[in-house]
There are 4 protein chains.
Amino acid sequence: MKRIGILTGGGDAPGLNAVIRAAVKTADHQGREMVGIMDGYDGIIDGRWRVLTAEDIRGILSRGGTILGAANRGNPFGRKVMRDGQEVIVDMSDAFMAGFEQMRLDALIAVGGDGTLRIALELCQKGLPVVGVPKTIDNDLGGTDVTFGFDTALHTATEAIDKLHTTAEAHHRVMVVELMGRDAGFIALHSGVAGGADVILIPEIPFDLNVVCRAVEERAQRGRRFSIIACSEGARPVGGAQMLARAGDQITAERLGGMGQRVADWVGRNCGMEARCTVLGHVQRGGVPSPFDRWLATRYGAGAVRAVAADHFGCMVALHGTRLVDVPLTEALAVPKRVDPEGEPVQMARELGIVFG
Amino acid sequence: MKRIGILTGGGDAPGLNAVIRAAVKTADHQGREMVGIMDGYDGIIDGRWRVLTAEDIRGILSRGGTILGAANRGNPFGRKVMRDGQEVIVDMSDAFMAGFEQMRLDALIAVGGDGTLRIALELCQKGLPVVGVPKTIDNDLGGTDVTFGFDTALHTATEAIDKLHTTAEAHHRVMVVELMGRDAGFIALHSGVAGGADVILIPEIPFDLNVVCRAVEERAQRGRRFSIIACSEGARPVGGAQMLARAGDQITAERLGGMGQRVADWVGRNCGMEARCTVLGHVQRGGVPSPFDRWLATRYGAGAVRAVAADHFGCMVALHGTRLVDVPLTEALAVPKRVDPEGEPVQMARELGIVFG
Amino acid sequence: MKRIGILTGGGDAPGLNAVIRAAVKTADHQGREMVGIMDGYDGIIDGRWRVLTAEDIRGILSRGGTILGAANRGNPFGRKVMRDGQEVIVDMSDAFMAGFEQMRLDALIAVGGDGTLRIALELCQKGLPVVGVPKTIDNDLGGTDVTFGFDTALHTATEAIDKLHTTAEAHHRVMVVELMGRDAGFIALHSGVAGGADVILIPEIPFDLNVVCRAVEERAQRGRRFSIIACSEGARPVGGAQMLARAGDQITAERLGGMGQRVADWVGRNCGMEARCTVLGHVQRGGVPSPFDRWLATRYGAGAVRAVAADHFGCMVALHGTRLVDVPLTEALAVPKRVDPEGEPVQMARELGIVFG
Amino acid sequence: MKRIGILTGGGDAPGLNAVIRAAVKTADHQGREMVGIMDGYDGIIDGRWRVLTAEDIRGILSRGGTILGAANRGNPFGRKVMRDGQEVIVDMSDAFMAGFEQMRLDALIAVGGDGTLRIALELCQKGLPVVGVPKTIDNDLGGTDVTFGFDTALHTATEAIDKLHTTAEAHHRVMVVELMGRDAGFIALHSGVAGGADVILIPEIPFDLNVVCRAVEERAQRGRRFSIIACSEGARPVGGAQMLARAGDQITAERLGGMGQRVADWVGRNCGMEARCTVLGHVQRGGVPSPFDRWLATRYGAGAVRAVAADHFGCMVALHGTRLVDVPLTEALAVPKRVDPEGEPVQMARELGIVFG
């Protein structure tokens with residue numbers, strides 16, 4: 001076997017370049033050629049790829065982003081496009097297979113999250129030799145203890161909470177920080193605990209705003225006239241988002257900004273304290289990857305090439321404890337990972353006095 | 001003279017604790033006592049103050065916030081309060097003067113921004129011996145080259161822009177980062193230049209959204225399918241904020257979120273590229289002060305005590321070049337500092353290709 | 001059970017305060033009292049301890065060091081002291097037991113490394129109710145996947161390597177960075193891989209300086225006229241440290257400085273390139289703990305109190321994958337953890353082109 | 001005028017790439033071509049240069065190092081080389097002038113420190129059109145308030161001191177950090193004050209080790225059983241370096257390691273406290289430039305091109321207060337900048353309780 005393709009798909013995550021670099025170096029050590037495919041699966045259809053050299057990967061270990069790009073138009077086997085004002089599903093399988101043929105690859109390494117890995121699994125089921133590398137900021141992928149990107153996102157989130165602490169305390173403010181996590185609240189949970197937040201709102205535990213308010217007020221009564229609220233973008237109040245709208249509002253929830261801002265507005269109006277919101281957004285996806293993420297991403301990239309060499313197709317590299325293992329993609333994708341509302345970490349956080357609403 | 005009071009007022013700024021620490025140590029060296037007043041001028045009225053000891057200032061040099069608190073209810077000589085649903089102005093001068101009397105201070109050091117220093121000037125004019133120390137995140141105070149806090153805020157802002165760069169590039173996004181600055185755009189200008197932003201929107205230069213869109217599109221045509229926009233919270237479009245509202249909207253500008261989000265919405269709808277917004281908010285006011293800010297704040301704290309010793313009342317310590325000087329408060333407060341739209345830095349930025357809308 | 005003691009021993013590690021804070025909060029939640037013992041086991045003998053309150057732990061989550069101090073004079077059951085110019089072993093068991101008695105503790109939580117935990121085990125074997133919390137910068141403790149402190153140390157080490165990269169490249173220099181690790185090379189291995197070092201020297205793999213030199217020279221021939229060497233303080237050349245001394249030198253190795261400096265000297269003299277050395281030293285033990293370390297330390301502190309509540313004495317809290325578990329101290333202390341010269345990470349690093357000498 | 005050369009010389013400093021980038025962009029705006037010369041003046045002699053394009057400067061704003069390299073063999077007009085075991089001075093002026101001729105430059109921008117700028121001045125005096133840009137980590141250049149690189153170095157140094165604080169305090173240690181500065185102690189002075197060092201040793205103030213020891217001991221007596229010593233590499237004890245050697249030593253000072261290690265050894269032997277040394281070395285020259293340094297370096301790069309356009313040859317761009325100015329190279333090089341032992345900053349530091357030995 002001589003030629004391996006590699007692509008990165010889905011949202012950005014610090015460590016993607018470290019995966020690519022390690023894969024290229026390891027392949028080179030094994031006498032294989034690594035082909036870089038641009039913008040995920042799109043690059044196969046569009047014929048945008050090139051052999052990656054030592055020069056291409058120079059200096060990228062510590063850089064965020066991905067030299068391969070990751071902006072793609074969706075699943076090649078069922079892509080939603082607009083035609084004459086109507087959304088239609090287009091099957092690009094033929095173009096995809098023709099492109100794959102043309103690249104003369106002996107194997108493909110697909111680095112990505114749930115979406116990218118599901119397509120990888122579909123390709124495997126069609127007989128293509130694919131190995132997956134898990135990537136998610138949100139830590140919402142099964143089959144592995146953790147993936148790269150999450151640790152760096154925690155740094156950004158925790159640093160923000162650290163900074164809000166002093167100013168909240170000096171000015172008697174309620175500070176809300178809205179963090180990534182549509183369906184999984186790991187970033188808010190971990191950075192909230194690490195940053196000493198007083199309230200943590202996550203998608204897995206619907207919150208009651210009155211409980212949040214009471215927590216803020218009880219702190220004020222104990223002389224702690226400030227509170228920090230870590231809020232996942234996907235956190236949801238009990239009873240639905242509507243309850244956050246002001247009475248008589250015709251404005252849809254989306255219009256009123258993200259969940260963090262709405263919580264801040266509500267607390268500001270109801271708890272008698274000024275509240276401010278920080279929306280970190282994509283800042284969490286960028287930056288220099290942390291040592292942990294570089295170490296893990298490097299192991300993943302090297303491990304994926306070793307998996308290819310061992311014909312472990314249909315698998316994904318994963319971390320179990322300190323060991324690197326291959327797990328079947330079917331297994332990894334079976335159940336998305338979520339914060340367990342009854343698990344030890346949430347229980348611990350509650351015992352520390354953190355309120356989950 | 002034996003007893004000096006010190007207070008901190010207005011918004012938080014990294015370096016406040018360094019000023020307090022240096023003032024206490026310098027006073028101690030001169031055989032003076034330093035009295036810490038809580039929550040700005042309020043502490044004088046409410047009698048909340050205590051003599052600061054070596055123990056009080058231990059370890060605070062590198063901490064954000066202020067050990068004295070800064071949450072106050074406004075000008076004691078004309079405080080706006082709500083009575084029976086009506087805003088009335090209350091004059092607390094008598095209570096203030098009585099409190100001041102009781103503290104038996106020989107001088108007062110007031111650390112703060114425009115508001116705090118104007119009250120300091122008023123006190124001086126009433127005959128009280130006050131020395132000012134300038135503090136502003138926004139760098140909008142005259143009379144000094146720069147104050148502490150601004151440099152640390154630039155770190156936070158520039159680091160955010162750095163992080164957005166890689167993810168914007170990998171995903172072909174327009175990234176807007178909303179930065180502090182209601183009236184002065186120094187944070188957006190400096191961090192935008194330092195972070196390599198493509199567009200900088202500041203209060204001093206009203207922007208035309210079509211110009212912004214064109215800049216974004218021209219970059220895309222040159223193969224740079226992403227753009228970074230640094231936007232002051234106080235930036236304003238030509239023609240006023242209304243033009244950002246969607247047609248037919250009854251929603252006031254305030255409802256639609258901050259200026260950053262609205263610029264992102266507009267660009268996303270009109271430039272055919274996905275746009276995302278990060279709102280840093282109070283994160284910019286917090287954090288470990290930078291070495292520059294600690295150095296400057298320490299010099300200010302020591303310099304204020306020296307100014308007291310020299311009977312330089314009615315003055316504010318200031319930095320001119322590398323020299324620490326005392327400038328009259330009247331002079332410092334005469335004209336607020338703003339970005340000069342025709343000045344060398346803006347001119348330079350334009351020649352670098354940065355668009356100001 | 002009502003009263004638990006907690007002490008921290010051995011070298012500093014970021015996260016100690018987070019352990020203490022979580023233990024105090026969790027104990028409070030359970031209606032227990034937490035007693036802080038100063039300077040490790042010494043505080044028991046000397047009677048230096050106090051009940052820890054909410055005030056004591058305020059703001060310490062993100063601070064390095066330990067509010068309990070950790071400077072102790074060694075094992076109370078066999079302490080080496082100098083008497084009349086002679087080293088004698090003194091048994092302080094009686095004083096220790098008397099002190100322990102006086103504190104009226106129902107359990108003791110001992111946070112520390114190999115030394116501290118061995119004493120904890122000895123105490124358990126004497127019938128005292130002790131729970132251990134593992135702490136090591138070096139990651140050299142068995143029984144757990146990892147402990148807190150290591151991740152923060154990696155940040156400091158990797159950041160230093162990052163910084164050396166650009167200057168090494170611009171000036172064609174060989175940069176040696178000496179890192180902690182007397183017996184275990186985890187810091188050098190992980191930060192070397194994460195930082196893109198070209199050579200990694202660790203205690204577990206004796207190095208041949210000629211191999212190091214050849215690696216540096218081969219890079220230069222390929223146009224990479226700089227190299228980065230990550231060197232554990234405990235790295236040893238094949239044949240012993242003597243071979244590094246200049247011919248005819250009577251100077252002992254210790255005199256010539258640490259291993260990093262000696263490698264730099266040797267490379268500078270023998271490879272025809274200028275070499276410089278950075279000795280990070282205790283900087284690696286300090287600083288704001290990383291989110292990972294705060295999260296883990298918090299879980300450890302809470303977990304230790306839960307272990308006390310469950311009468312799991314003689315155990316140590318540990319991380320297995322993502323789960324917090326209790327492992328017997330005997331098991332944890334049975335074999336010190338070392339880098340496996342034949343393991344996957346070293347193998348991977350070699351395939352990436354990293355030379356281990 | 002159409003063609004400008006740019007070179008970087010001397011030691012590395014964060015911000016060099018920002019100067020290059022701004023110069024290329026500004027030249028492009030003016031319709032000029034920018035030629036990048038490799039490895040300082042050597043590139044002119046060796047014919048190693050190329051026209052810099054937008055592609056060359058992409059993404060370099062935030063990177064340390066210099067894309068032009070800076071490793072050179074010294075002054076082309078009087079270069080020291082070894083011939084037959086003897087050092088001889090070689091005049092390369094003819095080769096230099098021929099190279100310069102061949103490049104068909106209309107002007108040259110030389111970015112560097114004292115050495116590089118002196119050669120620039122010599123070139124001007126020979127009639128070549130040269131503009132200088134000051135660069136020094138040490139802040140030892142006259143004619144300007146400050147140059148880029150110094151602020152970033154302060155970050156690295158201050159962060160190290162911050163990290164040493166907690167571990168020094170927890171373990172009752174004396175921590176010495178050796179910082180850059182052969183002849184000028186600005187890094188040690190500024191980072192020492194910003195980091196809260198107890199003792200600062202700089203080249204401009206010879207120190208008495210007994211005074212240092214007394215300061216350490218007095219702190220211990222006041223219950224502060226730790227001390228932080230910031231020590232310039234060029235600090236010198238009263239009476240010369242010999243006094244640091246152990247009695248009877250035949251070992252030259254150089255052999256015993258840098259000044260920081262020797263101070264730590266001495267304090268450890270004489271003050272009855274354990275002392276440890278961190279040698280930051282070239283880590284201070286690397287890393288992501290701070291926002292301040294990027295802002296200043298960008299202004300310098302743009303300002304140098306404007307100076308070329310205005311025929312201001314023989315000048316150096318400089319910062320006076322907040323204004324960018326051109327100063328004659330003769331003036332800037334007349335007197336090297338040093339810490340004034342009697343100046344306000346040192347005086348202030350003494351009043352804060354800092355001991356200068």
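1. Let's start with the sheet in chain A of this predicted model. Seven strands, 7 in number, form an open sheet with mixed pairing. Reading across, the order is β3-β2-β1-β6-β7-β12-β13. From one strand to the next, the twist averages 25°.

2. Now for the edges of that sheet. In chain A, β3 (49-51) and β13 (323-328) hold these positions, and each has a single partner strand, so one side of each is left without a neighbour in the sheet.

3. Strand β1 (residues 3-8) of chain A runs parallel to strand β2 (residues 33-37) of chain A, and the two are joined over 4 bridges. Here you can find A:Arg3 opposite A:Glu33, the latter in β2(A).

4. Next, a helix on the sheet. Helix α9 (residues 291-309) of chain A packs on the sheet and touches β1, β6 (107-112), β7 (130-134), β12 (315-320) and β13 of chain A. The direction of α9 in chain A makes about 140° with that of β12(A).

5. Turning to the contact between chains D and C, chain D contributes 35 residues and chain C contributes 36 residues. On the side of chain D that touches chain C, α5 (150-171) and β11 (275-279) of chain D each supply at least two residues. Which element gives the most to this side of chain D? That is α5(D), with 11 residues.

How values were computed
Residues numbered from 1 in each chain as written. Chains lettered and ligands numbered in written order. Predicted model: local features only at pLDDT ≥ 70, side-chain atom pairs only at ≥ 80, totals over all residues. Contact = placed C-beta atoms within 7 Å. Pairing = 2+ DSSP bridges. Axes fitted to C-alpha atoms, helices over the stretch in contact; angles between N-to-C directions.
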